[in-house]
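Please read these points with the model open beside you.

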Amino acid sequence: MKPYAALEQRFRRLSALNGALAMLGWDQSAMMPEGGAGARAEQLATLSVIRHEWLTDPALGDLIQGAEAQAGLSDWQQANLREISRKWRHATALNTDLVEALSKAANACEMVWRKAKPANDFKAFAKAFAPVLELTREAAAAKAEAFGCSAYDALLDEYEPGGSAARIDKLFADLGKFLPGFIDKALARQAKRPEPLAPEGPFAVEKQREAGLALMKALGFDFKHGRLDVSAHPFTGGVPQDVRITTRYATTDFTRSLMGVLHETGHALYELGLPRKWADQPVGEARGMVLHESQSLLVEMQVCRGRDFLTFAAPLLRRIFGGKGTAWELDNLQSLYARVKPDLIRVDADEVTYPAHVILRYRLEQAMLAGDLAINDLPDAWADGMQTLLGVDVPDHAHGCLQDIHWPAGSIGYFPTYTLGALAAAQLYAAAREADPGIAPGIAKGDFKPLLRWLRANVHGQGSLLSTDDLLRRATGKPLGTDAFKAHLKARYLN
């Protein structure tokens, strides 16, 4: 067997192992009884070690070298080899003991966080998070040495291949100059209009679920290959052939759950649209979290907070919830969904203030990783940052530094991809509408097929064939930047 063919065979098996890890992780967050936490942590750690041992087998390095010298590989095969090599380099930078210890610590911390957040118990979280942070520093240092980059960039590469803090800093600095003045203008314009009316609850969970399922179906979610459940923090899990999304419900406000469903549906559509012929190879995976978040934010922010979508959705929501009166009319719902309001919770934030939430987390996780911010000082630093960036006071830990699952789960380096994804979403949606003028009118009628068809061809179906910038250049004519995002905000909130 030639080296490249042998690599494909190995990664076909590794794909099945990754799928098992993904499904166990979904079950842990959505279905597993509390008493199963210890056994599940052991299962996940053991499978993580097995995966690491496969990836660090010296024979794999020999096969990669042989494949790199092999002639006649197609573009897809060369891209697959590039992704195989990247995964191998990430794995070989770490020893097995560290992989196992980090998996166990992150699982234990996540279980503590689930109780600590509603109990507002930062002390319990801090104790469980300390080993996660220390082990993450160790992993980051090892990868930084192997890759010849900074510790933070080494972690970032896991979520956005080739990403760098230097580039993020430039993009965030540009947004930092633009957003404060823009927020003031948007708030001033908003103040001249009547305050939108919030539909009155309570909203039964079964009705919220019905609304979510109806909109998932309209957007193109395939229920033969996925499902909707409940978790402490909305997320998308599973595998492309079986995509699991979750949300959380509050009977006082259906919009939060619904936006969570729509956000995760964007992620799910990306997974469901990945190229099937490469489904068990690295090149067939999603490119990275910038593009993944671009798909969730394109659906949630670009599309579903716009008038076209609400023209279709408003009658559906009135029917399901039995809504009557001005609060349920299109103009009011549009004002409600496009309302700018600096607030505490990232996942509920409007798209104008959302970047500030991400910038804060980006700064704090860099400081913690570098040892410049002690865990016990995190609440005060968080409160200071929220006051500086958004002018809001943090009342407690649950509404502050305990609100997200990412750090408890060991995902340091993930947060900047949200705002980078928002920038990419604006570029992609503008390009899609320019390429097909029927997209917006179709959405207003509940027909999302033209949009999904464009996304399948230009994003989903590309897998990891291209870098993020190359994909954006091909789809939109430009690499990742801030211009389209700024233009979108001006059009929606000032014009």
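1. An open sheet has 3 strands in the order β1-β3-β2, and its pairing is mixed. Strands (E, at least two residues) and helices (H or I, at least four) are DSSP runs numbered from the N terminus, and two strands pair if DSSP finds at least two bridges between them. At the edges are β1 (226-230) and β2 (236-239), each pairing on one side only.

2. This is a predicted model: local features need pLDDT of at least 70, side-chain atom pairs count only at pLDDT 80 or more, and totals for chains, interfaces and linings use all residues. Residues are numbered from 1 along each chain as its sequence is written, and side-chain values use heavy atoms, with hydrogens and water left out.

3. β1 pairs with β3 (residues 242-247) in the parallel sense, over 5 bridges. Within β3, T246 stands opposite D229.

4. The whole structure holds 22 aromatic pairs (rings of Phe, Tyr and Trp, its six-membered ring, with centres within 6.5 Å; planes under 30 degrees apart are stacked, over 60 edge-to-face, the rest tilted). F125 and F129 are stacked, because their ring centres are 5.2 Å apart and their planes at 15°. Both residues are buried (under 20% relative accessible area; exposed is over 50%, partly exposed in between; 1.4 Å probe, protein chains only).

5. Y152 and Y362 make an edge-to-face pair, with 5.7 Å between centres and 70° between planes. Y152 lies in helix α7 (residues 151-159) and Y362 in helix α14 (residues 354-370), so the pair ties together parts 210 residues apart in sequence. Y152 and Y362 are buried.
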